[in-house]
Amino acid sequence: MILEIDFNSDEAIYLQLCNQIILGIAASRFQEGDSLPSVRQLADTIGINMHTVNKAYTVLKQEGYVRVDRRRGAVIAIDGDRMRTREELKKELQVILAKSSCKNISKEEIYELMEEIYEEFGNALN
């Protein structure tokens, strides 16, 4: 598993881990049912505290991206609650679009960025 963590970033490491795993799911690097490394294993690999990895896994579980299996540990399990996810996405997009508007980024530029991101994920988002 290749995760890119920026130790100089202002973004918390556990959030970077969450985002990297979510991006991995979207890009089909992680599939439904894939096991993630154990908390200890991932912490040792990256060189971070186990509590940081545990926090990331907890957030991913709460958001419906993983489930915890007693035998297999953290396992990719995409939440099937599509309507709830759409509402959460709408709230997040409202803030992003408001920020874009404040910085005079046009609707066309937003669409271009969305197309670029969709292309990065290939057919996974169709």
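A residue is called buried when its relative accessible area is under 20%, exposed when over 50%, and partly exposed in between (1.4 Å probe, protein chains only).

## Basis of the model

This is a predicted model, in which local features need pLDDT of at least 70 and side-chain atom pairs count only at pLDDT 80 or more, while totals for chains, interfaces and linings use all residues. Residues are numbered from 1 along each chain as its sequence is written, and side-chain values use heavy atoms, with hydrogens and water left out.

## Overall layout

The protein has five helices and two strands, arranged along the sequence as α-α-α-β-β-α-α. Helices (H or I, at least four residues) and strands (E, at least two) are DSSP runs, numbered from the N terminus. The C-alpha trace spans about 45 × 35 × 25 Å along its principal axes.

Of the 126 residues in the protein, 25% are buried. Contact means heavy atoms within 4.5 Å. Among contacts with a separation of 6 or more, 50% join residues 24 or more positions apart.

## The nonpolar core

A nonpolar core is a set of buried Ala, Val, Leu, Ile, Met, Phe, Trp, Tyr and Cys residues joined through side-chain atoms within 4.5 Å. The largest one has 20 residues, and Leu17, Ile21 and Tyr57 have the most contacts inside it. Two or more residues each come from helix H1 (13-26), helix H2 (39-46), helix H3 (50-62) and strand S2 (73-76). H3 gives the largest share, five residues.

Leaving aside residues up to four places away in sequence, Ile21 touches Leu3, Phe30, Leu36, Tyr57, Leu60 and Ile76.

## The surface

The protein exposes about 9,400 Å², and carbon and sulfur atoms supply 50% of this area. Accessible areas come from the Shrake-Rupley method with a 1.4 Å probe; for residues, only the protein chains shown count as cover.

Leu89, Leu93, Ile96 and Leu97 form a nonpolar patch with about 340 Å² of accessible area together. Like charges are joined within 9 Å, and nonpolar side chains (Val, Leu, Ile, Met, Phe, Trp, Tyr) within 5 Å. Leu89 lies in helix H4 (residues 82-102) and counts as partly exposed because its relative accessibility is 45%.

## Cysteines

A disulfide is a covalent bond between the sulfur atoms of two cysteines. With the cut-off of two cysteine sulfur atoms within 2.5 Å, the count is zero disulfides. Cys18 is buried, at 3% relative accessibility, whereas Cys102 is exposed, with a relative accessible area of 65%.

Technical notes. Patch = residues over 30% accessible without salt bridge, like charges linked within 9 Å, V, L, I, M, F, W, Y side chains within 5 Å. Salt bridge = Lys/Arg side-chain N within 4 Å of Asp/Glu carboxyl O.
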